[in-house]
Amino acid sequence: MNRDEAIERLAARRTPWDMIVIGGGATGLGIALDAATRGYDTLLLERDDFAQATSSRSTKLLHGGVRYLRQGNLKLVMGALRERGRVLANAPHLASEQPFVIPTYRRGESLYYGFGLGVYERLAGRASLGRSRRLDAAETRRELPGLRADGLRGGVLYHDGQFDDARLAVCLAASAWDHGATPINYCQVTGLLRAGGAGTPVAGVMARDRETGAEYEIPARVVVNATGVFCDSIRRMAEPGAAALVAPSQGAHIVLERRFLPGRNAIMVPKTDDGRVLFVIPWQDRLLVGTTDTPVEDAEAEPRAQPAEIDFLLEHAGRYLQEAPRRQDVLSVFAGLRPLVRAGSGRATSALARDHLLREESGLVSITGGKWTTYREMAEQTVDAAARVAQLPGRPCRTANLPLHGATPEAAPTPLRVYGADAGAVQALASEQARPDWAVRLHPRLPYIGAEVVWAAQHEMARSVQDVLARRTRALLLDARASIEAAPRVASLLAGALDRDAAWQTHEVAAFTEFALGYLTPEILAADFPSMLAARAQRRRHTK
């Protein structure tokens, strides 16, 4: 992918696009890929970076949703389990099987959960990842080294899927590009075009390139709104009085060192104090703990975990781990917003399922809700609907068994595995004799090398230090302090690849540092970044 080439395509276009997709998260990228593989001329516009919002802040699970089985939503579970298998098959370099154990502490719990997970496994059918089985207390301790054993009676082991969300989003963008779509990040939709006067159908968009300020009027046969938690703001461009469809819910996660749970298996806690399930998951040589469910009134581009959410996660993790984690142990803390579909007033977001909603209003096709696991199915249904609205030639979906960009049965060594078939090209960059620093790790506590920064700029539309450290690599989530310390080197490498000057580097380092401070707990900020914390407080006082 090359952003300059994408902008040139946009500027040179003289005929309407078949389909414009607004939103570069999981759903929007899936729609762009689906539409392109059907032969529709497709443009995707993303205000920020691909997957910058919800789609890079998930719990990194491909699953049917055990709690939805408990709610009796078999249709949702079966569909998600089917799609789980497709992601695992189509993106083997980014997704894998993950075993989980539910530890049990009361009489009859193992039998209860064992029965439920047996049903879960049978619903998967041929897409099952392995048989679930009940464990006695000794087996549970062996499967979960680091588990607190007080009162332990046994457990149940089952299998689900795991993936890298932001990398899968980049992979979808590259796949869409491979099939002829034009995805562009940092290009904001500022308004909708009409076929005639007010009240006539939507016939395109107005957009602004946030890098150059260039503005475009872009006609299209159909416009798709796939902006997740921001869905209602785009809908109101078409219908100012449109009632809200989305009930945003914030989910926070903390990241710990693997020493807290050193084995391969994850822990699933089937019921927390707020009624959700909670996971403690090995992920990229770290431990991911999440998630919370906090209703929010307004969707923000950069949600922050609340102190109470951090306390909630630490307390619940401490109930199950031999060594209870403290705030000082948190390597990174992040939050994302779920675009839950509203279901009447007074209903807690934790009770809302991850169903999706597809709606057409004034020629604008909007899709919201759902979850990462079902992105492909959502995209298929949306493209079907959009093609009908635009009266495009009917063509079947091709993505169910479509290998995504880089998919290869031969897994590259970690951490280059995420590049799949491109891993050799990344390694070749690292081997360039003229640039030996490209083979050097960005930071001793991070697994990434300089060549990955250059690759991200040249082939993955990375435009900023944040793009690289938060999404092209996952450095910010793995260790926020280390990512701050790596920022100057990343800025230097990016400047070389993007032809930027020293002033740009200085600005990028400052911007990323300010951003990344929000991924640290107050205790770590006070201990490691007191001067930055004081400067931030002074800026806020001055702003007020």
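Predicted model: local features only at pLDDT ≥ 70, side-chain atom pairs only at ≥ 80, totals over all residues.
Helix H12 (residues 450-459) and helix H15 (residues 480-498) have axes that come within 9 Å and cross at roughly 40°. That makes H12 oblique to H15, since angles under 35 degrees count as roughly parallel, over 145 as roughly antiparallel, 65 to 115 as roughly perpendicular and the rest as oblique. Axes here are lines fitted to C-alpha atoms, for helices over the stretch in contact, and angles run from 0 to 180 degrees between N-to-C directions.

The crossing of H12 and H15 is right-handed; a crossing gets this name if the near helix is turned clockwise from the far one by less than a right angle, and left-handed if anticlockwise. Gly450, Val453 and Ala457 of H12 meet Arg489, Val490, Leu493, Leu494, Ala497 and Leu498 of H15, where contact means heavy atoms within 4.5 Å. Sorted by class, this contact has 7 nonpolar, 1 polar and 1 charged residues. Ala, Val, Leu, Ile, Met, Phe, Trp, Tyr, Cys and Pro count as nonpolar, Asp, Glu, Lys and Arg as charged, and the others, Gly among them, as polar.

Helix H2 (residues 26-37) packs with helix H7 (residues 165-178) at an angle of about 20°, and their axes are 8 Å apart. That makes H2 roughly parallel to H7. The crossing of this pair is left-handed.

From H2, the contact is made by Ala26, Leu29, Gly30, Ala32, Leu33 and Ala36, and from H7 by Ala169, Leu172, Ala173, Ser175 and Ala176. By class, the contact of H2 with H7 has 9 nonpolar, 2 polar and no charged residues.

## The six-stranded sheet

Now to the strands. An open sheet of 6 strands runs in the order S7-S2-S1-S11-S19-S18, with mixed pairing; two strands pair if DSSP finds at least two bridges between them. Its edge strands, each pairing on one side only, are S7 (182-184) and S18 (356-361). From one strand to the next, the twist averages 15°. S18 and S19 (residues 364-369) pair in the antiparallel sense over 6 bridges, with glutamate 360 opposite valine 365 in S19. Helix H8 packs on this sheet, touching S1 (19-22), S11 (223-225), S18 and S19, and its direction makes about 160° with that of S19.

S1 and S2 (residues 42-45) run parallel and are joined by 4 bridges; isoleucine 20 has leucine 43 as its bridge partner in S2. Which way do the side chains of S1 point? Met19 and Val21 point one way and Ile20 and Ile22 the other, and all are buried (under 20% relative accessible area, with exposed over 50% and partly exposed in between, using a 1.4 Å probe and protein chains only). In a regular strand the side chains alternate between the two faces of the sheet.

## The three-stranded sheet

Another open sheet is formed by 3 strands in the order S8-S9-S10, with antiparallel pairing. S8 (187-194) and S10 (215-219) are the edge strands, and the twist averages 25° from one strand to the next. S9 (residues 202-209) pairs with S10 over 5 bridges, and glycine 204 has proline 219 as its bridge partner in S10.

Two helices lie across strands of this sheet. Helix H1 (residues 3-12) lies across S8, S9 and S10, at about 60° to S10. Helix H8 (residues 231-238) lies across S8 and S9, at about 30° to S8.

## Reading the labels

Helices (H or I, at least four residues) and strands (E, at least two) are DSSP runs, numbered from the N terminus. Residues are numbered from 1 along each chain as its sequence is written, and side-chain values use heavy atoms, with hydrogens and water left out.
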